[in-house]
Amino acid sequence: MSGPVPDLRAELARAQAELLAALVAGGEPPRGFDEGRLRIQAASLVSKRRGVVARIRPDLVALLGAAGFAAEFDAYARNRPKPPGGSRADARDFAERLRAAGHPLPEPGPEPPAGRRWWTRFARVPRFGGTGRGYLL
């Protein structure tokens, strides 16, 4: 029974790769999938990436305006999957694309260390009263 299992796994892996390419890299829709629904889902994934990059680099939104940022980012991301390194790498690559296209961008500041980014949001405790101690509500 070891014969058909690797063939099924290889076929499944191929089908998953085709679907992923259609969703995030502008690939052709796999056979049996609704092309319109795949386009809608692909646009949704680009929109999600755009929102994350806008939160990471609000200076790019301010520079291009909301509509300009959306149009530029969609053109950048439409046939390009998110790069290794996640959303920060995506924001960096997008900014480099804008810089190469002649947009005057300020040099980005240093990024916080990777292991501490999420914690800094929660480490800021408001201080109430005159004791100088922070109180959680």
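Predicted model: local features only at pLDDT ≥ 70, side-chain atom pairs only at ≥ 80, totals over all residues.

Q: What makes Val 46, Arg 49, Arg 50, Val 53, Asp 90 and Phe 94 contacts of Phe 73?
A: A contact requires heavy atoms within 4.5 Å. With neighbours within four places in sequence set aside, Phe 73 is in contact with Val 46, Arg 49, Arg 50, Val 53, Asp 90 and Phe 94.

Q: Why is the pair Arg 97 and Glu 72 called a salt bridge?
A: The criterion asks for a side-chain nitrogen of Lys or Arg within 4 Å of a carboxyl oxygen of Asp or Glu. The closest N and O atoms of Arg 97 and Glu 72 are 3.8 Å apart, and the pair forms a salt bridge. Arg 97 lies in helix α4 and Glu 72 in helix α3, so the pair ties together parts that are 25 residues apart in sequence.

Q: Why are Arg 97 and Glu 72 classed as partly exposed?
A: The class lies between 20% and 50% relative accessible area. Arg 97 has 32% relative accessibility and therefore counts as partly exposed; Glu 72, at 28%, does so too.

Q: What makes Arg 99 and Glu 96 a salt bridge, and where do they lie?
A: The closest N and O atoms are 2.7 Å apart, against a limit of 4 Å. Both residues lie in helix α4, three residues apart, about one turn of the helix.

Q: How do you know that Glu 11 and Arg 14 meet in a salt bridge?
A: Their side chains are 2.3 Å apart, N to O, and the cut-off is 4 Å. Glu 11 and Arg 14 both lie in helix α1 (residues 4–24). A network of salt bridges links Glu 11, Arg 14 and Glu 18. By this rule, the count comes to eight salt bridges.

Q: Why is Ala 43 called partly exposed?
A: Ala 43 has 44% relative accessibility, whereas exposed would need over 50% and buried under 20%. Ala 43 therefore counts as partly exposed. This residue lies in helix α2 (residues 35–56).

Technical notes
Residues numbered from 1 in each chain as written. Heavy atoms only, no water. Helix = DSSP H or I, 4+ residues; strand = E, 2+ residues; numbered from the N terminus. Buried < 20%, exposed > 50% of the residue type's maximum accessible area, 1.4 Å probe, protein only.
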